[in-house]
Amino acid sequence: MKTYDINHNIFLTNWKEVNSMTTILIVCNTPDERAEMALKEAKALGYRCIFCGDKADKNIFDLADECYEIDWNNWKSLLHLAKIENADGIVGLCDKAMIPVSKTCQALKLPCNSPESIEMFLSKNKFREVQERARVFHPKFVEVEELNCIEKKCSSMRFPIIVKPAQCSSSFGQTVVYNMDELKNSFLTAAKNSRNHKVCIEEYIVSDSLRCIELDIFVMYENILWDGIRESYRVAAAPLRPIYDVYPAVLTDEEFSELKNTVSAIIKEVGAILGEYNIEGFFTNEGKFFVIEINPRQSGYYNPQHIENFCGVNLTKLLITTAIGDNSYFEELKNFQRFRKNILAYSVFSEKSGTLDHVHIDSKLQQHLLEERFPLGNKNGCFVQDILTATRPISIVVFEFDSREELEKTRLHIDKLIYAVLSEE
């Protein structure tokens, strides 16, 4: 095992000769469950695994054959490491990894999307421009760099308005506002959370439900796999944050057609040709599928593993194998007989900050429990943040039900059946 400090051009631990095994680079933040699961899958496939990103935590260090810290602002540091390790493929798993990975793969002629296509997904403003060109439903929007430009640029927009970091993952830094004073106040929060310090301001498309549609699709040139469609629910306390998912999504034929046509038009307009994409959206009252965002990488919170629980398709395996140019699993899936289980995956957050005593799971649900995972390790006895500020759930519990009716009975009371219990002060 070795760790490499690219900034000082030195190896921090002992060097061992690179062997002839297939070598894959996994590029990600830490801690992150996506990196953990990708490394496990790559090891199971017999690959030599190299982790590149932030300083490796214990989970990553134990799974990877080698760990490197890279300079995120200099993609050539990743290129340098890929050449050192003679990489056969590179997989990015977090937003800030995707352009460096694309540029590196392009330079080495490895399977990839263009950096320009990735940028269109990552920039909220450019993504709205893509929707406009693709002639799919989208809100009125503007990009703002300076606070003193807001009134002029937003004068024709109708409240409520949502203020977003132009480049940021998840829902961090987003605020729904109802007047110009709130809009100005929210600008600084959004700019602070934006990687390019720009802010996307758009008319807020109001949904009359906390139910959205989320999906992980897989793109292989003109082919799209749609196995990862699910119902994604928010809660009133955090209406911008997905909390739990239900498989399968119940859609009419018309809704499914509208969803597929909308997403396909966007993918074609961007020119994406490979990889897994995480998509969030919902249906408007007029029946249009509004794509809130498309993230050009896997979803987190172990969603790819939940999709495998639901239908048997291993998207992580598909992502890794196609990254090295091995399309055999993709071809296998053309004739793979999917199953469809009734799955509910619940992300446990605490309503308030405090010291966690335990996560309560009602005894009636134990017979349905498939698994419980802890993205940041078991936090019993540790301080946890509230639902609005936490970066990851305390735990993620997955249940399987015999029928959709049984699942729905549980879903309607889910917050009373599963919740974080804090220690008394």
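The second largest cavity in this predicted model is lined by ten residues, of which F121, L122, K124, C168 and N295 lie nearest its centre. A cavity is here a set of points, on a 1 Å grid over the protein atoms alone, where a 1.4 Å probe fits but cannot get out, and lining residues have an atom within 4 Å of a point. The volume of the second largest cavity is about 60 Å³; a volume is the space filled by probe spheres set on the points, with grid points joined across faces, edges and corners. Both α5 (115-122) and β15 (289-295) supply at least two residues of this lining, and β15 gives the largest share, three residues. Helices (H or I, at least four residues) and strands (E, at least two) are DSSP runs, numbered from the N terminus. The lining of the second largest cavity comprises four nonpolar, two polar and four charged residues. In this division Ala, Val, Leu, Ile, Met, Phe, Trp, Tyr, Cys and Pro count as nonpolar, Asp, Glu, Lys and Arg as charged, and the others, Gly among them, as polar.

Residues are numbered from 1 along each chain as its sequence is written. Local features need pLDDT of at least 70 and side-chain atom pairs count only at pLDDT 80 or more, while totals for chains, interfaces and linings use all residues, and side-chain values use heavy atoms, with hydrogens and water left out.

Three cavities of 30 Å³ or more were counted. At least two lining residues come from each of β6 (89-92), α4 (95-108), β14 (274-283) and α11 (315-323). By class, 13 residues of this lining are nonpolar, five are polar and two are charged.

Strands β14 and β15 also belong to an open sheet of eight strands, ordered β15-β14-β11-β12-β13-β16-β20-β18 with antiparallel pairing. Its edge strands, β15 and β18 (369-373), each pair on one side only. The twist from one strand to the next averages 25°. Two strands pair if DSSP finds at least two bridges between them. Between the antiparallel strands β13 (residues 244-247) and β16 (residues 342-348) there are four bridges, and Y244 stands opposite Y346 in β16.

Helix α10 (residues 303-311) lies across β11 (211-220), β12 (223-233), β13, β14, β16, β18 and β20 (395-401), where contact means heavy atoms within 4.5 Å. The helix runs at about 100° to β12. Axes are lines fitted to C-alpha atoms, for helices over the stretch in contact, and angles run from 0 to 180 degrees between N-to-C directions.

Definitions and conventions
1 Å grid on protein atoms, 1.4 Å probe; cavity = no way out; pocket = protein on both sides within 12 Å on 5 of 7 lines; lining within 4 Å.
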